[in-house]
Amino acid sequence: MAADHRLLALKAFDGTKAGVKGLVDAGVTAVPSIFHHQPDHRHRHFTVPVIDLSSMSSRRAALVAQVKAAAETVGFFQVVNHGVPEGAMSAMLAAVQSFNEEPVEAKAPYYTRDPGRRVRYQSNVDLFTSPAAQWRDTLFMEMPAEPQELPAACRGVAQEYAGLVQQRLGRTLLELFSEALGLRHGYLEEEQGCLEGVSVAGHYYPACPEPHLTLGTTSHSDCNFLTVLLQDPVGGLQVLVDDNEDRKQSAWADVPPAAGALVINVGDFLQLMSNDRFKSVEHRVVANSVGPRVSVACFFRTPRAASSTRVLAPIVPDGDGARYRSTTMEHSLK
């Protein structure tokens, strides 16, 4: 009976096509039960590394060492002087916020649960399968996208931003990751195709009346090569880190926004390819009474059309054993 009631509530929420923003606009003062999560208050202080990518030619060995250390331990770091102009970053955040704050009828044509649509707006991709819903709405865009596919608020802005992240920062990061694995700098891009596809997710987290009852994003790791995250000043991103003294104990550490910085995290595919040398770690976003929080994630993964044939396999140095079997990307996504 409770399950039936929950399903009806989920369908009613989804049917509005207004998302969490619609609940807030309607003046809710209590978080609906479909959004209730079990509390997890484990917390510790941990400083996520900030890596300055300026002067690449003169500091390359040091930068490779910094990226290697971050990838092998926490799997997260922030980068500054990364080559993506702050103007493009600000414009991207503004575009996502503008779209989400349009009237429901303007957003409704993009609201869909059809994974075949290259541009789709929805609240919670796993709404009907997860134990509890998340306090956020998302505009997902597979790149490259035709201008007419995108909402007017994001047209031009999203393509420019994704291109800058992919071609400027993405190529640099893949070179550094390649060298950190002891490979030539073009290996991950040229031989593994890690730069071929980028998808963009613009997340909108409305202010929450009871943030202790829910989450903006539940704990997860990213099923891709790597993620580049742009976040506004509101904050809320947390990464699960091990205790220095007891590796069996882990707790949530904040990843506070840094001016002009982009957050980088290792994805599941890169952990597999590195044979566990690099870590793809769990992360989440807590709900906040202040908002909205806006973030934009660029996911580096092989384009969907090629995922059925692209093989992922551990890169194993001589004498080391593979910890994973080779698999297709399509199979790993299931």
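Two strands are said to pair if DSSP finds at least two bridges between them. Helices (H or I, at least four residues) and strands (E, at least two) are DSSP runs, numbered from the N terminus. The structure is a predicted model, in which local features need pLDDT of at least 70 and side-chain atom pairs count only at pLDDT 80 or more, while totals for chains, interfaces and linings use all residues. Residues are numbered from 1 along each chain as its sequence is written, and side-chain values use heavy atoms, with hydrogens and water left out.

The account begins with strand E7. Strand E7 runs antiparallel to E10, and four bridges join the two; across this pairing, Val 228 stands opposite Ile 264 of E10. E7 also pairs with E12, again in the antiparallel sense, over six bridges. Here Thr 227 has Phe 299 of E12 as its bridge partner. In a regular strand the side chains alternate between the two faces of the sheet. In E7, Leu 226, Val 228 and Leu 230 point one way, Thr 227, Leu 229 and Gln 231 point the other way, and all are buried. Buried means under 20% relative accessible area, exposed means over 50%, and partly exposed lies in between (1.4 Å probe, protein chains only). Because six of the six residues of E7 are buried, the strand is largely enclosed by the rest of the structure.

E7 belongs to an open sheet of eight strands with mixed pairing, in the order E1-E2-E10-E7-E12-E5-E4-E3. Strand E1 (50–52) and strand E3 (119–122) stand at the edges with a single partner strand each, so one side of each has no neighbour in the sheet. From one strand to the next, the twist averages 20 degrees. Angles run from 0 to 180 degrees between N-to-C directions, and axes are lines fitted to C-alpha atoms, for helices over the stretch in contact. Within this sheet, E5 (residues 198–205) and E12 (residues 293–300) pair in the antiparallel sense over eight bridges, with Val 198 opposite Phe 300 in E12.

Helices lie against this sheet. Helix H3 (residues 56–73) lies across E1, strand E2 (76–80) and strand E10 (262–266), and runs at about 160 degrees to E1. Helix H6 (residues 157–180) packs on the sheet and touches E2, strand E4 (137–143), E5, strand E7 (226–231), E10 and E12; the direction of H6 makes about 130 degrees with that of E7. Contact means heavy atoms within 4.5 Å.

H6 also meets two helices. The axes of H3 and H6 come within 9 Å and cross at roughly 70 degrees, so the two helices are roughly perpendicular to each other. Angles under 35 degrees count as roughly parallel, over 145 as roughly antiparallel, 65 to 115 as roughly perpendicular and the rest as oblique. On the H3 side the contact includes Arg 60, Leu 63 and Lys 68, and on the H6 side Glu 175, Leu 176 and Glu 179 are among the residues. By class, the contact of H3 with H6 has eight nonpolar, one polar and four charged residues. Ala, Val, Leu, Ile, Met, Phe, Trp, Tyr, Cys and Pro count as nonpolar, Asp, Glu, Lys and Arg as charged, and the others, Gly among them, as polar.

The axes of helix H4 (residues 86–100) and H6 come within 9 Å and cross at roughly 135 degrees, and the pair is therefore oblique. Ala 88, Met 89, Ala 91, Met 92 and Ala 95 of H4 make the contact with Val 157, Ala 158, Tyr 161 and Leu 164 of H6. By class, this contact has nine nonpolar, no polar and no charged residues.

A further open sheet has four strands in the order E6-E11-E8-E9, with antiparallel pairing. Its edge strands, E6 (215–220) and E9 (250–254), each pair on one side only.

Some backbone details fall in the loops. The peptide bond from Met 143 to Pro 144 is cis, with omega near 0 degrees, and Pro 144 lies in the loop between E4 and H6. The bond from Gly 291 to Pro 292 is also cis, with omega near 10 degrees; Pro 292 is in the loop between E11 and E12. Asn 81, in the loop between E2 and H4, has a positive phi of about 50 degrees although it is not a glycine.
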